[in-house]
Amino acid sequence: MDRTCPECGDKIIGRADKKYCSSSCRNARNNSQNKDSKNIMRNINNRLRKNYRILEKLNPEEKTKTTKAKLNAAGFDFNYFTSIYTTKAGTIYYFIYDQGYLPLDGYFYALVKRNN
């Protein structure tokens, strides 16, 4: 019984349970099957990474203030964050990993770094 590679159609030589003719064919098949789900995750992670770098650059210490205009000018996207922290007083902080921001009055933002 001749077996053929499902990716390129070449004859498979080797072990009885081998499914692909080479590692490159196996990788190409797996990448094509997972492309859609990985693409959305890649885009979200890239946006989170960009937001994190912006906060890290604007907040070299552990606490500072900035304006919404500075965040927007740097390309910050307020729709992407990793967690929300609500204090007992009801204040809501938005975090991207350990870097966070608190909307103060719509124009100013407090930037904080969480120490774990």
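Modeller: Contact here means heavy atoms within 4.5 Å. This is a predicted model, in which local features need pLDDT of at least 70, side-chain atom pairs count only at pLDDT 80 or more, and totals for chains, interfaces and linings use all residues. Residues are numbered from 1 along each chain as its sequence is written, and side-chain values use heavy atoms, with hydrogens and water left out.

Colleague: What is I96 in contact with, leaving aside its neighbours within four places in sequence?

Modeller: I96 touches L48, N51, Y52, L55, F76, Y80, F81, T82 and Y101.

Colleague: Which residues make up the largest nonpolar core?

Modeller: It has 10 residues: L48, Y52, I54, L55, L71, F76, I96, Y101, Y109 and L111. A nonpolar core is a set of buried Ala, Val, Leu, Ile, Met, Phe, Trp, Tyr and Cys residues joined through side-chain atoms within 4.5 Å. Buried means under 20% relative accessible area, exposed over 50%, and partly exposed in between (1.4 Å probe, protein chains only).

Colleague: Which element gives the most to this core?

Modeller: That is α1, with 4 residues. Helices (H or I, at least four residues) and strands (E, at least two) are DSSP runs, numbered from the N terminus.

Colleague: Turning to T67, is this residue buried or exposed?

Modeller: T67 is buried, at 13% relative accessible area, and belongs to strand β1, residues 63–67. Beyond four places in sequence, T67 is in contact with Y107, F108 and Y109.

Colleague: And where is Y80?

Modeller: Y80 sits in the loop between α2 (68–74) and β2 (83–86). Its relative accessible area is 30%, so Y80 counts as partly exposed.
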